Amino acid sequence: MIKKLLIANRGEIAVRIIRCCKELGIKTVAVYSTADKENLHVKLADEAYCIGEPPSAKSYLNDDAIITVALRTGCEAIHPGVGFLSENAAFARDVEKAGLIWIGPRPETIELLGNKVESRETAIKNGLCVTPGSHGAIEKLDQAKKIAAECGYPVIIKAASGGGGKGMRIVWKEEELEENLKIASSEALANFADKTVYIEKYIQNPRHVEVQVLGDGNGNVLILGERDCSVQRNHQKLIEESPSPAVSPALRTQMYSGAQKLFSSLKYRGAGTIEFLVPGDQYYFMEVNARVQVEHPVSEFISGVDIIREQILACTENKLSLTEKEVSLKGWAIEARINARLPGKISFLHIPSGPGVRFDSFIYSGYTVIPHYDSMLAKLIAYDSDRDKAIKKLMRCLDELKLEGIETNIEEQKEILASRQFQSGKFGTSLYEELFNKKER
């Protein structure tokens, strides 16, 4: 087991990794921007070093500064957490060139899966269903028109290196195609330094379902169930649950089998997620996230597996601590993301507790929420024997959660959970719009 690890991230995921490392007997080194000096991850780590100013390019994306701190403090490995550099193949290579262990998939795996055009082709080779669309990148307008006509409108243009809804445009008719192609390509270049885009058939109001995978790097793969992430606002997830109420046993078997085959063929190392669009009884491959996901706690609840621990084991010792036969999925877990509406100081915080309750966060009473980074403050997770009980437990916890001094989305989360659509389990990715946008109009 390694003895010291640097966490190249901030906030709740950095706190989560620190806690896991303490249990493993691994010392931790935190890095932070000048704006984050009061962040909880800075206070909990064994050592903490400032690496620059709030703009991410000058701190959390400054790979030279991060690697320098790791080497000077005697770290043996770097954990990238989520976001920032977690799916940056060039950074992963630089980490390994410096003689450090990269806690994540091999750089070549990240490179392959990070390009959505290439990962789509890899999925096809492994027998996974993909939405009708382009084979390879779109380079000319005539090519785009031909593919869109074959798919049938509406279609969606996506950035090959994209994520988070950036470089993504829905096109409802041919007259809108040229302009949206230019916009998507420009957004892709501005956000990801890669203007490559591709086209898929746009599936309206599907379920968004993802399968949690762990690999030991030798071809052995564990499936830790699926998560339903259909409750979204502007392509940003708000509520996640496991298992999915929309997935039948037959469909689940197909999805797990496809995920197992794909990740095994790649000799995947560490934690990863394969995402699917699920309209009715069909599923379509969407993408692979070659990292741990924000919503991993719901999978940990239903499987009893510490995903961060297994990720570290896979990347440092090329093994997992358990086998497929030892994985038992049971119960139901639901996670609500608590987001800040605006920056400000938290004057009072009360965290709910009880059996099957988890609160992953980096905030505390007196902490000042800053405007520079993601708006998520915490994840509140409830676990119980079935979906109805898990929903009621999470609603109780949201009632009990007191976060004063700033405006949050807590009341909105309560409204979603209490809605007829959510409680029925019969909804798609347009649920948020159905509940709130119509009300605003």
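## Terms and model

Contact means that heavy atoms lie within 4.5 Å. Helices are DSSP runs of H or I with at least four residues, numbered from the N terminus.

This is a predicted model, in which local features need pLDDT of at least 70, side-chain atom pairs count only at pLDDT 80 or more, and totals for chains, interfaces and linings use all residues. Residues are numbered from 1 along each chain as its sequence is written, and side-chain values use heavy atoms, with hydrogens and water left out.

## Helices α1 and α11

Arg16, Ile17, Cys20, Cys21 and Leu24 in α1 are in contact with Ile307, Ile308, Arg309 and Ile312 in α11. Of the residues in this contact, seven are nonpolar, none is polar and two are charged (Ala, Val, Leu, Ile, Met, Phe, Trp, Tyr, Cys and Pro count as nonpolar, Asp, Glu, Lys and Arg as charged, and the others, Gly among them, as polar).

Helix α1 covers residues 11-24 and helix α11 residues 307-317; they pack at an angle of about 65 degrees, with axes 9 Å apart. Therefore α1 is roughly perpendicular to α11 (angles from 65 to 115 degrees count as roughly perpendicular).

## Cysteines

The structure has zero disulfides (a disulfide is a pair of cysteine sulfur atoms within 2.5 Å). Cys20 is in no disulfide, and the nearest cysteine sulfur, that of Cys21, is 5.7 Å away. Cys20 is buried, at a relative accessible area of 2% (buried means under 20% relative accessible area, with a 1.4 Å probe and protein chains only).

Cys229 is also buried, at 0% relative accessible area. The closest cysteine sulfur to that of Cys229 belongs to Cys397, 20 Å away, which is too far for a bond.

Terms used
Axes fitted to C-alpha atoms, helices over the stretch in contact; angles between N-to-C directions. Helix = DSSP H or I, 4+ residues; strand = E, 2+ residues; numbered from the N terminus. Parallel < 35°, antiparallel > 145°, perpendicular 65-115°, else oblique. Buried < 20%, exposed > 50% of the residue type's maximum accessible area, 1.4 Å probe, protein only.
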